[in-house]
Amino acid sequence: MGFANNTLKLNATFGKSVSLLGKLRFISQSGALASSLFDWFETNQIGINQFVTIGNKAVLNECDILDYWFNEELKTESEPIGMYLESISDGKRFIELASKISKNHPMFILKPGKSEQSQNAMRSHTGSIAGEDAVLEAALASCGVIRCHDIEELFNLCGAFSKLTAPKSASVAIVSNAGGPAVITSDAVSEFGLELASFDDKTHKILADNLPRESNILDPIDVLGDALADRYKIAIDTVLSQDSVSSLVVILTPQVMSEIEKTAQTIVELSQKYKKPVVCSFIGGKVSTDANQILTKNNVMAFNYPESAVKTLSLMFKWRKWSNLSVSNLAAASFAIPVDSVDQTINLIRQAKNDNRKTLTAAEITNLLTLWKFETPPAKNVSTIEEATEFTNSVGWPVVLKTATQMLHKTDLGGIEKNIYSHEHLENAFKKIAVLGGVFIQKQITEGVEVIVGTKTDTVFGKVLLFGVGGTFVEFISDKNLLVLPASHEDIENLVKNSKAFKLLNGYRHSDVVNFGKLHELIRKVAVVAEQISEIQEFEVNPVISTANNAWAIDAKVVL
């Protein structure tokens with residue numbers, strides 16, 4: 001469709017562009033969406049700086065535009081950047097650019113394509129859990145880009161970031177002339193990760209002295225249905241003066257006596273006085289039209305419904321939190337790559353490829369784990385029950401038998417037998433497993449927390465790391481915590497802390513706290529193997545049994 005540049009009053013599109021100059025920049029793969037945005041911007045008095053449509057990206061893609069803006073045009077003042085992209089051309093470059101830009105300039109994106117594709121039977125748990133949309137979420141989170149999940153969120157953020165500053169904290173106040181909508185909005189505040197503001201005693205006294213006795217002077221403040229503009233002014237002026245209030249939602253349901261336009265003008269004056277983000281929802285239709293125009297023309301966002309207003313504030317605060325974070329320091333890993341481990345691993349892989357195999361056998365995986373110095377329980381390939389018995393006599397009970405053939409989902413296919421405490425059980429299990437091929441015996445770790453650590457290669461963003469609850473329930477529980485590699489020590493620590501598994505690892509119900517240092521080191525090893533060996537499509541260690549003293553790599557899968 002072309003582009004529009006309002007700093008030059010240039011419209012090089014075949015649509016009616018936006019007349020008002022503003023801060024917003026936008027990249028779109030859809031010309032039709034661009035036309036809709038142009039019309040919506042005009043209606044809602046939202047100015048643009050530049051608007052670029054890139055079509056099928058035959059020559060220029062979103063990274064080229066972002067690179068140009070970052071190096072040539074963006075100033076220190078916040079300039080929001082919106083995007084509608086049906087694909088991301090170069091994931092690594094996109095993350096690198098967005099990480100730099102989003103520290104000072106809000107970035108938000110609508111990208112369709114959430115539906116799950118059919119799962120390939122050869123994929124590991126990591127491959128099936130870390131689907132393309134989950135990887136996109138992790139990638140955007142890693143570089144501070146807000147994910148819009150529908151067109152409404154995209155449009156609302158275009159307006160909000162153009163007109164308002166992002167909230168400095170999660171604390172939001174609500175002023176309403178109706179109890180029901182106020183309570184509903186309070187629920188939305190909790191649902192979207194914000195929190196109701198707390199007022200000090202002085203504020204409570206001012207509100208109590210100036211509002212009707214029946215009014216609620218706690219957040220949400222109810223100024224009652226007969227509130228005129230002066231009552232709204234007292235409540236809004238009082239709460240916006242509070243340092244504890246970072247943003248405000250004003251709700252008005254039109255009553256016969258309501259001074260709708262005058263209330264709107266009052267809100268405008270107070271928002272300009274305090275320069276805090278104020279959003280409004282004058283719930284209704286025709287009678288609120290003129291009031292909404294007053295708000296819109298004066299940089300106060302007007303929403304049809306208060307839940308949308310709260311959601312928009314929460315997304316803006318999400319960016320604010322990101323912008324306040326220190327830049328991740330990709331510090332050197334404590335784990336040093338063992339000498340010759342890369343070359344020997346490549347030789348293992350070359351042998352598998354010569355045999356036309358997509359996976360490594362149990363023996364090859366054991367070799368790989370040894371090469372990279374993972375902590376593994378004693379284990380051995382055995383061909384007879386006598387060899388299995390000899391191994392058990394050496395290491396003690398219990399033991400585990402597994403098939404030594406290439407098989408990704410051993411439990412589902414009957415290729416593993418755990419909790420073997422007797423010779424009779426060992427003999428029966430050996431017969432069952434031997435039918436599937438070779439037999440692999442391993443000392444069983446009886447205590448600890450089972451977690452999964454895995455990587456997959458995403459076609460857009462490259463190597464991605466997964467961590468979560470492991471074992472046989474890994475996909476059922478779906479503790480989906482992803483990182484786009486490379487990752488710093490801090491990133492890995494936060495990955496573990498933010499997981500469902502963390503409570504189990506951190507001494508759940510008086511159990512031992514695991515050795516987090518050993519666990520973090522194992523995760524780092526998995527990441528390094530994935531980064532160093534490009535031939536590995538998926539590398540998964542599941543389960544990892546994390547104990548008070550160690551982090552044991554019990555079983556692993558490698559997909560080439």
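**Notes on the predicted model**

1. Let me begin with a charged cluster: salt bridges link R25, E73 and E79 into a network. Please keep in mind throughout that this is a predicted model. Over the whole chain, the count comes to 17 salt bridges, and a few of them get their own points below.

2. E73 also turns up in another setting. Its backbone oxygen lies 2.8 Å from a polar atom of the K75 side chain. K75 itself is found in the loop between α2 (62–73) and β5 (81–84). Is K75 buried or exposed? With a relative accessible area of 54%, K75 counts as exposed, because the cut-off for that class is over 50%. If you are tracing the fold by eye, note also that the C-alpha atoms of K75 and H105 are separated by 9.2 Å, although the two residues are 30 apart along the chain.

3. Next, the overall picture. The chain has 560 residues, and buried ones make up 53% of them. Its secondary structure comes to 20 helices and 23 strands. Along the principal axes, the C-alpha trace spans about 95 × 60 × 40 Å. The chain exposes about 25,100 Å², with carbon and sulfur atoms supplying 51% of that area. Of the contacts with a separation of 6 or more, 70% are between residues 24 or more positions apart.

4. Which residues touch the most other members of the largest nonpolar core? They are F41 and F108, in a core of 44 residues. The element that gives the most to this core is helix α12 (residues 306–324), with eight residues. A second, separate core has 43 residues, including F467, I536, A551 and V558.

5. Once neighbours within four places in sequence are set aside, F41 is in contact with V18, L24, I46, I48, F51 and C158.

6. Helix α12 also holds T312. At 3% relative accessibility, T312 counts as buried, because the class covers anything under 20%. Not counting residues up to four places away in sequence, T312 touches N156, L157, A160 and F303.

7. K100 and E96 both lie in helix α3 (residues 91–101), four residues apart, which is about one turn of the helix. The closest N and O atoms of this salt bridge are 3.7 Å apart. Both partners are partly exposed: K100 has a relative accessible area of 42%, and E96 has 47%.

8. R357 and E364 form another salt bridge, with the closest N and O atoms 2.8 Å apart. Are these two partners buried or exposed? R357 is buried, with a relative accessible area of 13%, and E364 is buried too, at 11%.

9. K432 is partly exposed, with a relative accessible area of 41%, whereas E417 is buried at 19%.

10. Finally, a look at the surface. F3, L8 and L10 form a nonpolar patch there, and together they have about 270 Å² of accessible area. F3 is found in strand β1 (residues 2–5). How is F3 classed by accessibility? Its relative accessible area is 37%, so F3 counts as partly exposed, the class between under 20% and over 50%.

Note on methods:
Residues numbered from 1 in each chain as written. Predicted model: local features only at pLDDT ≥ 70, side-chain atom pairs only at ≥ 80, totals over all residues. Heavy atoms only, no water. Core = buried A, V, L, I, M, F, W, Y, C linked by side-chain atoms within 4.5 Å. Buried < 20%, exposed > 50% of the residue type's maximum accessible area, 1.4 Å probe, protein only. Helix = DSSP H or I, 4+ residues; strand = E, 2+ residues; numbered from the N terminus. Contact = heavy atoms within 4.5 Å. Patch = residues over 30% accessible without salt bridge, like charges linked within 9 Å, V, L, I, M, F, W, Y side chains within 5 Å. Areas by Shrake-Rupley, 256 points an atom, 1.4 Å probe, with all protein chains shown as cover. Salt bridge = Lys/Arg side-chain N within 4 Å of Asp/Glu carboxyl O. Polar contact = N/O pair within 3.5 Å; in protein donor to acceptor, adjacent residues only side chain to side chain.
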